[in-house]
Amino acid sequence: MVTIRHVLRGLLAVFVLALLPLRGPAWAATSHPGSAPAPAPGHGWTGTWEAAASGTVPALPGQSIRNVVHTSVGGHAIRVRVTNRLGTAPLQLTSVTVALQESGAPKSPGARAGTMRTATFRHTASVTVPAGEDAVSDPVPLRVAPDANLLVTLYTPVDSGPATYHHSALQTSFLAPDGDHTAEESGAAYTATTSSWYYVTGVDVLGAPAAGSVVALGDSITDGSGSTSSANRRWPDRLAARLRALPPQRRLGVLNAGIAGNRVLLDGTGPSALSRLDADVFSRSGVRAVVLMEGINDIKGNPNQTDPAAFEDAYRRIVERAHARGIRVIGGTITPFGGNGNYTEAREAVRQSVNGFIRDGGLFDGVADFDAAVRDPAAPDRSLPAYDSGDHLHFNDAGLQAMADAIDLRDLRPAR
């Protein structure tokens with residue numbers, strides 16, 4: 001239950017936090033945090049979680065949507081990014097709250113007692129987000145740990161048109177179908193579940209013992225397809241665990257910008273990697289590096305892309321834009337898909353050519369050889385059976401761990 005004391009304490013903390021400098025405008029979704037020098041660990045805003053907008057579904061008016069999201073690094077305050085990026089009409093949110101999920105309950109809608117906070121936008125509890133835009137909340141006084149679950153709950157009273165969402169969350173979230181229950185610690189009203197994230201696309205933390213963040217820009221393999229649901233075993237999650245073991249001056253938050261079905265060259269399931277750089281990479285807080293692993297859907301999809309030079313040109317454009325903002329780019333090789341229904345020898349030849357460029361073209365600041373990490377030495381066009389999720393394209397938890405282990409953490413080198 002939210003008491004008057006909690007409200008007053010929260011308002012005082014918000015007032016104090018509002019006096020702290022922000023890294024770029026709190027309202028803008030197009031600031032370029034990667035272009036500025038990295039703050040010392042423990043200062044400034046750091047991205048701790050991201051979900052890239054992958055499409056739209058019908059709105060959920062009159063329902064409370066309790067999204068469960070997972071931190072990579074912690075801090076003493078947070079701010080949340082809500083989105084109407086793919087919507088067609090203004091999005092009305094009359095209440096947004098954040099809380100820690102109750103301990104020991106990864107599939108519970110309940111909040112830990114005493115942690116419920118109201119997120120405000122320009123010091124107002126409601127916000128209208130124009131179509132095509134995001135909105136970033138004011139600082140919320142809530143101390144969060146790394147490797148923890150947050151509840152970000154939203155209520156929209158009216159049908160604001162198509163809802164921007166992230167389809168393949170690989171995480172159980174919750175719906176209360178009968179009104180505004182955003183401020184309730186109890187999860188009793190949340191009688192329905194969803195496997196998608198609605199209207200929320202990022203969380204930053206203030207004062208993280210980290211030197212910035214790294215974005216994993218990819219497709220379904222980065223999104224976590226094949227991993228255990230609600231267990232945070234995607235390869236970016238496992239990378240975050242490796243980074244947490246480093247000293248603060250080398251530690252980074254990890255932002256997962258994977259979209260199942262996404263392509264480098266063409267729009268389809270979500271905007272293409274080329275067209276979503278501003279929204280999913282450059283607008284994020286404290287970005288120091290990107291791990292780019294995209295291309296398999298261009299190779300095997302319809303229409304499939306057959307010219308390796310088109311991939312090389314796209315990668316160059318991504319690297320040039322990132323370097324202009326002081327962001328390093330690690331090239332991830334494209335993993336095997338032999339045995340998958342879309343496999344052909346001609347498409348395999350394109351994959352091998354593109355991977356040769358990623359490894360030896362001299363474009364990237366480092367290479368994560370995911371292909372070498374997961375392929376079967378006896379059949380290099382296929383994944384190791386121990387890593388295969390069963391569709392000969394995606395990976396199980398062990399395979400995703402192998403991918404995370406393939407990244408040389410020295411290549412991420414946050415600038416100081």
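In strand S10, Asn149, Leu151, Thr153 and Tyr155 point one way while Leu150, Val152 and Leu154 point the other way, and all are buried. Buried here means under 20% relative accessible area, with exposed being over 50% and partly exposed in between (1.4 Å probe, protein chains only). The model is predicted, so local features need pLDDT of at least 70 and side-chain atom pairs count only at pLDDT 80 or more, whereas totals for chains, interfaces and linings use all residues. Residues are numbered from 1 along each chain as its sequence is written, and side-chain values use heavy atoms, with hydrogens and water left out.

Strand S10 belongs to an open sheet of 6 strands, ordered S7-S6-S10-S3-S12-S13 with antiparallel pairing. Strands are DSSP runs of E with at least two residues, helices are runs of H or I with at least four, and both are numbered from the N terminus. Two strands are taken to pair if DSSP finds at least two bridges between them. The edges of this sheet are strand S7 (117-118) and strand S13 (192-194), each of which pairs on one side only. Strand S3 (residues 64-70) pairs with S10 over 7 bridges in the antiparallel sense, and His70 stands opposite Asn149 in S10. Strand S6 (residues 95-100) also runs antiparallel to S10, joined to it by 6 bridges, with Val98 opposite Val152.

A second sheet provides a parallel counterpart. This open sheet has 5 strands in the order S17-S16-S18-S19-S20, with parallel pairing. Its edge strands are strand S17 (253-258) and strand S20 (366-368), and each pairs on one side only. From one strand to the next, the twist averages 25°, where axes are lines fitted to C-alpha atoms (for helices over the stretch in contact) and angles run from 0 to 180 degrees between N-to-C directions. Strand S19 (residues 328-332) and S20 run parallel and are joined by 3 bridges; Gly332 stands opposite Ala368 in S20. In helix H3 (residues 235-244), the buried residues are Trp235, Pro236, Asp237, Leu239, Ala240 and Leu243. Their cover includes strand S16 (213-218), strand S18 (287-293), S17 and the helices H2 (220-223), H8 (370-374) and H9 (397-405).

The largest nonpolar core has 39 residues, of which Ile78, Val80, Leu142, Leu150 and Tyr199 touch the most other members. A nonpolar core is a set of buried Ala, Val, Leu, Ile, Met, Phe, Trp, Tyr and Cys residues joined through side-chain atoms within 4.5 Å. A second, separate core holds 32 residues, including Ala257, Ala314, Ala322 and Leu363. Not counting residues up to four places away in sequence, Tyr199 touches several residues, among them Ala59, Ile65, Val82, Leu91 and Leu154. Contact means heavy atoms within 4.5 Å.

The structure also holds 5 aromatic pairs. One of them joins Tyr165 and Tyr198, tilted at 40° between the planes and 5.8 Å centre to centre. Rings of Phe, Tyr and Trp (its six-membered ring) pair if their centres lie within 6.5 Å; planes under 30 degrees apart count as stacked, over 60 as edge-to-face and the rest as tilted. Tyr165 lies in strand S11 (residues 163-166) and Tyr198 in strand S14 (residues 197-198), so the pair ties together parts that are 33 residues apart in sequence. Both Tyr165 and Tyr198 are buried.

Thr201, found in strand S15 (residues 200-206), counts as buried at 1% relative accessibility. Leaving aside neighbours within four places in sequence, Thr201 is in contact with residues including Trp49, Glu50, Arg81, Asp134 and Arg284. The C-alpha atoms of Thr201 and Asn84 are separated by 9.7 Å, although these residues are 117 residues apart along the chain.

Over the whole protein chain there are 9 helices and 22 strands, and buried residues make up 60% of the 416 residues. Among contacts between residues at least 6 apart in sequence, 80% join residues at least 24 apart.
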